[in-house]
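The sequence and structure are shown first.

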Amino acid sequence: MSGRLRLVIFDVDGTLVDSQNDILAAMYEGFAAVGEAAPARETILGIVGLSLDVAVARLAPHLPDAARREIVEGYKSAYMKLRAGQAVATSSPFYPQARETLDALRAVPELLLGVATGKSARGLAKLVEGHALEGYFVTRQVADHHPSKPHPAMLHAALAETGVAPQDAVMIGDTSYDMEMARAAGIAGIGVTWGYHRADALDGAARLVDDFGQLAAALMDDWGAWR
């Protein structure tokens, strides 16, 4: 690796941590609040990564705006209660080797770490605190401040905050939204196969990896192959 700075941007849910149980439970409660049956599990997981209002609009296009807003608020309330009732490490555990990989990458002077997530700033802050990740991410892009993925605003902001050029950055995520966002920002995308979208949905990924060991090896040894 050359001496110039590189930026590694991670998605969160479905990439670093597995929070599907709380996501599903909160969405079920949100739909129940308006007397509607929730979509199937696979359908709900298919919208993880989008900003919440956009996700609910996709899940319930037949409902009026007022009902969709009620689902959003019901989801937020349920999610907060679920998080309050258990530790973050229990509700959103790291995927195998995720923490070790973050530690190893953080120790490389030329690498900067960031996140681009559909979570709110409050939700991300709770997760960072719960997993003791303070100081790991030099740029934290959240749904509060940007259009929903796959709009590239999050990645444009991450590049601007760090001063890293697009060719020296990579976006790592588990959804098609992450790969579309990376492509729109002119950044290479690495798709992970352990998350919420099927591997064959990750169109445009420069490569796919099946575990964090593969990801670490690729980042450390073969950055140039993604340009």
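The model is predicted.

**Helix 7 and its surroundings**

Helix 7 spans residues 121-130, and its buried residues are Gly 123, Leu 124, Leu 127 and Val 128. Viewed down the helix axis, these buried residues fall within an arc of 135°, so they line one face of helix 7. An α-helix has 3.6 residues a turn, so residues three or four places apart point the same way.

Just after helix 7, Ala 132 takes a positive phi of about 55°. Ala 132 belongs to the loop between helix 7 and strand 3.

**Helix pairs**

| Helix pair | Angle | Axes |
|---|---|---|
| Helix 3 (residues 52-59) and helix 4 (residues 65-84) | about 125° | 9 Å apart |
| Helix 1 (residues 20-32) and helix 4 | roughly 135° | within 7 Å |
| Helix 8 and helix 9 (residues 176-185) | about 55° | 8 Å apart |

Helix 3 packs on helix 4 at an angle of about 125°, and the two are therefore oblique to each other. Their crossing is right-handed. On the helix 3 side, the contact is made by Leu 52, Asp 53, Val 56 and Ala 57, and on the helix 4 side by Arg 68, Ile 71, Val 72, Tyr 75 and Lys 76. By class, the residues of this contact divide into six nonpolar, no polar and three charged.

Helix 1 also packs on helix 4, with the axes crossing at roughly 135°. That angle makes helix 1 oblique to helix 4, and the crossing of helix 1 and helix 4 is right-handed. Helix 1 contributes Asp 22, Ile 23, Ala 25, Ala 26, Met 27, Glu 29, Gly 30 and Phe 31 to the contact, while helix 4 contributes Ile 71, Gly 74, Tyr 75, Ala 78, Tyr 79, Leu 82 and Arg 83. The contact of helix 1 with helix 4 has ten nonpolar, two polar and three charged residues. Ile 71 and Tyr 75 of helix 4 take part in the contact with helix 3 and also in the contact with helix 1.

Which residues join helix 8 to helix 9? Met 154, Leu 155 and His 156 in helix 8 meet Met 181, Ala 182, Ala 184 and Ala 185 in helix 9. Six residues of this contact are nonpolar, one is polar and none is charged. The axes of helix 8 and helix 9 are 8 Å apart at an angle of about 55°, which makes helix 8 oblique to helix 9. The crossing of helix 8 and helix 9 is right-handed.

**Backbone features in loops**

The peptide bond from Lys 149 to Pro 150 is cis, with omega near 10°. Pro 150 lies in the loop that runs between strand 3 and helix 8 (153-162).

Gln 97 has a positive phi, near 75°, although the residue is not a glycine. Its place is the loop between helix 5 and helix 6 (98-106). With a relative accessible area of 42%, Gln 97 is partly exposed. Ala 132, likewise not a glycine, has a positive phi of about 55°.

Leu 208 is located in strand 6 (residues 207-209) and is partly exposed, with a relative accessible area of 39%. Leaving aside residues up to four places away in sequence, Leu 208 touches Gly 191, Thr 193, Ala 199, Leu 202 and Gln 214. Leu 208 and Gly 173 are 35 residues apart in sequence, and their C-alpha atoms are 9.8 Å apart in space.

Gly 3 is found in the segment before strand 1 (6-10). Gly 3 is exposed, at a relative accessible area of 65%. From Gly 3 to Tyr 196 the separation is 193 residues in sequence and 35 Å in space, C-alpha to C-alpha.

Key: Residues numbered from 1 in each chain as written. Predicted model: local features only at pLDDT ≥ 70, side-chain atom pairs only at ≥ 80, totals over all residues. Heavy atoms only, no water. Buried < 20%, exposed > 50% of the residue type's maximum accessible area, 1.4 Å probe, protein only. Helix = DSSP H or I, 4+ residues; strand = E, 2+ residues; numbered from the N terminus. Arc of directions from axis to C-beta. Axes fitted to C-alpha atoms, helices over the stretch in contact; angles between N-to-C directions. Parallel < 35°, antiparallel > 145°, perpendicular 65-115°, else oblique. Left-handed = near helix turned anticlockwise from the far one by under 90°. Contact = heavy atoms within 4.5 Å. Nonpolar A, V, L, I, M, F, W, Y, C, P; charged D, E, K, R; others polar.
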